Amino acid sequence: MKLQFFGAARTVTGTKHLITTQRGTRILLDCGLFQGINTDDLNQDFRFNAAEVDYLILSHAHIDHAGLIPRLVRQGFNGPIYCTPATVDLCRIMLLDSAHIQQKDLERVNKRRERQGRPLLDILYEASDVERALERMKPVNYGETFWLNHDEVGVLLTDTAHLLGSAAVSLTVRETDTNGETVEKRVFFSGDIGRPHDKILKMPEPFPQADYILCESTYGDKLHEPEPDMRAHLLRIVHETCVVRGGKLIIPAFAVDRTQELIYALDQLANRGDLPRLNVYIDSPMAVKATHLMKEHDECFNPEILSYIEKDGDAFAFPNLHYVSDVEDSKAINTRDEPCIIISSSGMAEAGRIKHHIKNNIEDSRCTVLIVGYCGPETLGGALKRGDAEVKIFGETYQVRADVEVMDSFSAHGDYREMLDFLSCQNPALVKRIFLVHGEYDRQVVFRQKLQSAGYQNVSIPSLYESVDL
């Protein structure tokens with residue numbers, strides 16, 4: 001059996017891991033879009049033949065894990081795509097939105113390439129490719145083992161509490177040894193590992209013993225700061241920005257899960273009578289759709305929010321909360337000189353309406369930009385998070401005069417201790433090899449040391465396009 005890394009190798013985007021079994025069955029684990037600068041060519045060429053892939057197993061709907069599925073279909077993949085029911089529903093809105101973004105980005109990228117004298121790029125995919133991809137998706141519930149290729153490969157999905165419907169993937173691969181006997185090799189892919197006390201989702205689940213583990217490592221060198229009262233922290237920022245200074249609180253947030261966590265926290269503050277009477281704008285058409293969709297998948301919710309909903313009726317609605325889809329309504333927010341809260345995507349502030357809100361307010365000392373999750377170092381959110389004095393937005397330079405605050409308690413990625421806890425269901429002596437993926441290299445080096453201290457003896461950090469035999 002061969003394992004090849006076609007993305008998320010020493011970086012946090014573009015997750016694609018290809019397994020080729022002894023019989024030649026080709027199974028792709030995720031098919032994510034590379035995000036950030038200088039990734040255009042990476043997204044154009046898979047470096048493998050899409051038509052030769054037999055199966056795709058999708059851990060969750062985030063674009064860095066699912067965003068190139070329509071291109072895979074466009075280039076000839078016609079096999080089934082297995083994922084949870086919630087992931088199917090999320091992909092319906094996220095991939096269609098991504099197709100729209102691809103068209104806009106292509107025009108911008110090709111103008112730049114034309115100036116540089118470089119070859120122009122083709123569109124990655126269109127809405128029609130998304131529809132064809134959605135037709136191939138087969139929903140599978142957590143905990144239900146199913147088999148591929150006449151019982152050659154068993155597949156089990158378990159909850160990782162990272163995103164609505166997110167799953168880890170356990171594979172049982174049957175091979176024939178040199179004596180002609182059938183042997184089983186157990187391969188585990190973590191997807192993205194969530195937090196043990198997510199505000200909305202259930203706890204991450206344990207998984208069966210594995211021989212080989214592909215483990216994410218986003219926060220491999222980091223412990224999230226203790227947050228004794230997340231709502232009190234959020235309320236302090238709201239009060240200082242909107243009440244004391246009369247400014248706008250601008251929060252870049254992923255449209256799915258992070259936005260709903262923020263709405264839920266604000267809903268709780270409003271219910272207690274603590275939230276000032278401010279307009280709160282959820283300015284993202286996808287976030288609006290995702291919030292409605294999330295309500296339809298309360299089977300993924302933890303007991304705390306289910307109890308809250310039973311008493312409150314709705315965890316995502318309170319006075320002065322406005323869901324904004326129309327473009328003109330979005331523009332109007334920036335014309336109003338009123339203290340308010342604006343939650344908009346994308347979470348790394350690299351695309352979407354949030355860039356306009358930041359552009360219009362970043363030089364206003366009354367305002368605050370609140371970073372509530374991971375931001376790649378090359379992104380606008382990453383620049384703000386590390387304290388850059390000036391940033392570029394739409395090609396123009398702006399001075400950072402607004403406050404910048406960070407709340408890691410909203411992060412959907414487990415820190416190194418939480419990832420070690422997630423792996424604690426394993427006997428390290430039985431794990432033959434761990435491959436660290438979905439992480440920056442310097443952080444992976446630190447996490448490798450922590451895994452070795454926990455008893456895992458063979459921990460690798462694969463490079464892009466590396467191939468290993470299992």
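Tutor: What covers the buried residues of helix α8 includes helices α4 (85-116) and α7 and strands β13 (279-283) and β14 (321-324). Helices are DSSP runs of H or I with at least four residues, and strands are runs of E with at least two, numbered from the N terminus. This is a predicted model, in which local features need pLDDT of at least 70 and side-chain atom pairs pLDDT 80 or more, while totals use all residues. Residues are numbered from 1 along each chain, and side-chain values use heavy atoms, without hydrogens or water.

Helix α8 itself spans residues 285-295, and its buried residues (under 20% relative accessible area, 1.4 Å probe, protein chains only) are Met286, Ala287, Val288, Ala290, Thr291, Leu293 and Met294.

Let's go to one of the covering elements, α7. Helix α7 (residues 258-271) and helix α6 (residues 230-244) have axes that come within 10 Å and cross at roughly 85°, the axes being lines fitted to C-alpha atoms over the stretch in contact, with angles from 0 to 180 degrees between N-to-C directions. On the α6 side, the contact (heavy atoms within 4.5 Å) is made by Met230, Arg231, Leu234 and Leu235. The α7 side supplies Ala265, Leu266, Gln268 and Leu269.

Helix α6 has a further link through Arg236. Arg236 forms a salt bridge with Glu405, their closest N and O atoms being 3.4 Å apart; the term asks for a side-chain nitrogen of Lys or Arg within 4 Å of a carboxyl oxygen of Asp or Glu. This pair joins distant parts of the chain, since Glu405 sits in strand β19 (residues 403-406) and Arg236 in α6, 169 residues apart. Glu405 is buried, with a relative accessible area of 18%. Arg236, at 33%, counts as partly exposed, a class between the buried limit and the exposed one (over 50%).

Asp283 lies in strand β13 and Arg353 in the loop between β15 (340-344) and α11 (354-361), so the pair ties together parts that are 70 residues apart in sequence. Asp283 is buried at 0% relative accessibility, and Arg353 is buried as well, with a relative accessible area of 16%.

Elsewhere, salt bridges that share partners join Arg74, Glu126, Asp129 and Arg132 into one network. Asp129 is buried at 3% relative accessibility, whereas Arg132 is partly exposed at 39%. Across the whole structure, a search finds 25 salt bridges.

Back at β14, look at the loop that leads from α9 (303-312) to this strand: Asn320 is found there. Asn320 counts as partly exposed because its relative accessibility is 28%. Not counting residues up to four places away in sequence, Asn320 touches Arg277, Leu278, Asn279 and Val280; Asn279 and Val280 fall within the range of β13. By contrast, Asn320 and Pro226 are 94 residues apart in sequence and 31 Å apart in space, C-alpha to C-alpha.
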